[in-house]
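Here is a brief report for a first look at this structure. Take the overall picture before the details.

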Amino acid sequence: MNIAEEFDLIVIGSGPGGQKAAIQGANAGLKVALVERERQVGGTCVHYGTIPSKTLREIALTIATLRRNADVFAFTLKDDMEVSTLMRRLDMDLNSYTDFVAEYVNSPEISYFHGRAALEDAHTVSLTTLKGSKSYLKTKYVVIATGSKPRTPPDIEVDHENILDSDSILSMVYLPRSLTVVGGGVIASEYASIFSLLGVKVTMFDRTPRPLMFMEPECTTKFLKDFTENGGEYIGETQYESIRWDSVSQVITRLDNGTEISSDKMLVAQGRIANTARLGLEDLGIKLGRNGTIPVDNNYQTSVENIYAVGDVIGHPSLASVSMEQGRRAICHALGVNPGSKFELVPIGIYSVPELSSVGLSEEAAREEYGDDIIIGRASFDEVARGQIAGIEDGLLKMIVHSKTLKILGVHIVAEGATDLIHAGEMAIINNNDVRVFLENVMNFPNFGEAYRIAALNIVTKRANALDRQPESRVKNLIEQAELN
Amino acid sequence: MSQESQFTASTSPKHQIAAELEEGLNSSSLELPVMPRVASKVFTLTNDPNTEVSDLSKLIHSDQSIASHVLRIANSAVYGGGDQIVSLQQAVARLGMNLLGEIAIAVSVQNDLFKAPGFEAQITQLLRHALASAAYGKEISRKRRRNVEGQFLCGLLHSVGKPIAVQLIARITKENEISLDKKSVAQLVGAFHRKIAKKVAADWKLPDQLQATTMYYKRYESAPSFKDESAATYLSQLLASWVINPANFKANELIKDPVFGFLNFYPDDAEELLDKKDDVKAMVSAMEI
């Protein structure tokens, strides 16, 4: 085995986790190699996932806004303009983002290799080029950031033509009239709501009674209300019995409750599996977990000391934001550098229409931990001046605090802008603030941040009422507690 | 010297035909004639009350002439309902099989039937190759997670200029009582088919992707747009040639074509594509009229 070159660090995969690890390594003075099997850098995040779906979402919102205001500005949208415009913008955004990422990783300290990597041993990575030639690179450390791909149930024939997955859904060059979405998770809910807003008749079904089961039920109720108002339908607590293409124009889905759904296209969103095949991990003694994921410890170290893994390839939470931080922390650990306090608080952002976002404890989790010692405050966006101005009146911010300390335990938002707005709550939780921080400090006005102030007022009012009524009878106390929670 | 201009410098029969082809290209609208057996199949299917809609759908997908006419008519002012129809699947979903059946009948009645005595075998081979290219185009796009329907059409219509060229040559030779050997016909077709394809793609207002791929599939790297689709079209027609005439190729040489690398296919990806040969053959057999 001839070693072509020696490195301090080899990063396999150029998605968010891999980029961050490579850059962190280069900044620390390591000689870094970054290996990417695709022709362009960026990984699934750029080409099939985060960026394309969010771009499509922005376009759908723009079209919806234009339609809503067409009479105000006395113009009409040409029907045939929408899809072509939509796809052109998608391509433009992808190209510019790919260029940006390429520039970002294109530093003199990072050697970029286009090819497939596999681990020959703990310190040797083989690189196979498109022409099939193989070379070997030596390294002290390896970071695996190879991402994931859609999981396809064996009884659904995903042909990427009529029955698509989340990688091929955006290859469609025209909007179907109808779309069936199999699943109730993040990807399913995002695409279902986006296509619904674009005027596609969307039917989503899943085993769960509501989509996004891990989110606060009040938020998903609002999400479902919007989805339904846009023409979508969610069928819960059901499974498919059969899914078939009719060889003409329709995908026919038969559910176990007897319902038959006919649609132009189908999206199968049934989870993801890690891209760990052909990496040679088993030969190194690394046992793979569920869906091919790589087990790691708190430092993202695998069972082989010098091999780290970050991002989707290690499974939950599979968020680009978390992957980047994992990449940074893996390198810090490898170099013996303190990465800072451990992040335990991970905000969840769902880029559906409307957006949902969440940080900290849910009401259910808070009750489990603190019993009835919690107070819940709510702000409806029709009370928020900026919401009225922007026509975003259907949102909700729900804040959960400890009733004695008033420390914020969790924040849950459903509304346009929720994924941005959540960070104020996240910082308040991280800083151990009590809810009065939103009342005793100045915020811009009019601003969606006012929702925090309204929810905080709601909480302190409930608490004051509760304290005033403490001496009252047991029955009144129970009524009050019911109001309180 | 361009391929077509090499035929226009003297007055041999071949050059005379080349000159007329050139003139015909500039002065008239070009039509893709319908193969008699295709027209016959259209009438059979549409008159049979027991016909399955899937058979009619298959027919529309299987023939260059019907497919291109369906696209043209679906996008015409009469039927066009807003969105541009960019795939046959979309046409089927939007217009419905009854209307498409009527369009197929109209095409078969109103258009010239293919009349090129002596060239039937060549045309059959061309159309089979187009169908195999379409089928392989689907497999390539599936593997790349790109649009499958669009690539099917790119494969089906990539050589649309060739049967038109053959028909034109047959007509000119008949009108001028000229006899041409097969080699000369092949040279003329080779010289003119892309120019014809470019003209018909524009005249028929075919989707942008088809206009680019029919023109640039052999020079995919210099395509001004739809480079990937042009490369995929090139690969699909290359693999179709291999499926139809395997004796002319060595599989291990075939996978060295630079187009595999251009499309980011590693050697094992290429092998997997070659392994689709039997599926493609089966699809061509099932769809061929």
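## Chain A overall

Of the 485 residues of chain A, 45% count as buried; that term requires 20 or more other C-beta atoms within 10 Å of the residue's own, with C-beta atoms placed from the backbone. The model is predicted: local features need pLDDT of at least 70, side-chain atom pairs count only at pLDDT 80 or more, and totals for chains, interfaces and linings use all residues. Residues are numbered from 1 along each chain as its sequence is written, and chains are lettered from A and ligands numbered from 1 in the order in which they are written.

Chain A holds 12 helices and 22 strands. These are DSSP runs, with helices H or I of at least four residues and strands E of at least two, numbered from the N terminus. The C-alpha trace spans about 85 × 60 × 45 Å along its principal axes. In chain A, 64% of the contacts with a separation of 6 or more join residues 24 or more positions apart. A contact means C-beta atoms, placed from the backbone, within 7 Å.

## A:Gly289

A:Gly289 sits in the loop between β16 (272-274) and β17 (307-309) of chain A. Leaving out residues up to four places away in sequence, A:Gly289 touches A:Pro295 and A:Gly315.

## Where chain B meets chain A

Here 25 residues of chain B are in contact with 24 residues of chain A. On the chain B side, α5(B) gives the largest share, 5 residues.

How values were computed
Two residues are in contact if their C-beta atoms, placed from the backbone, lie within 7 Å. A residue is buried if 20 or more other C-beta atoms lie within 10 Å of its own, exposed if 12 or fewer, and partly exposed in between; C-beta atoms are placed from the backbone.
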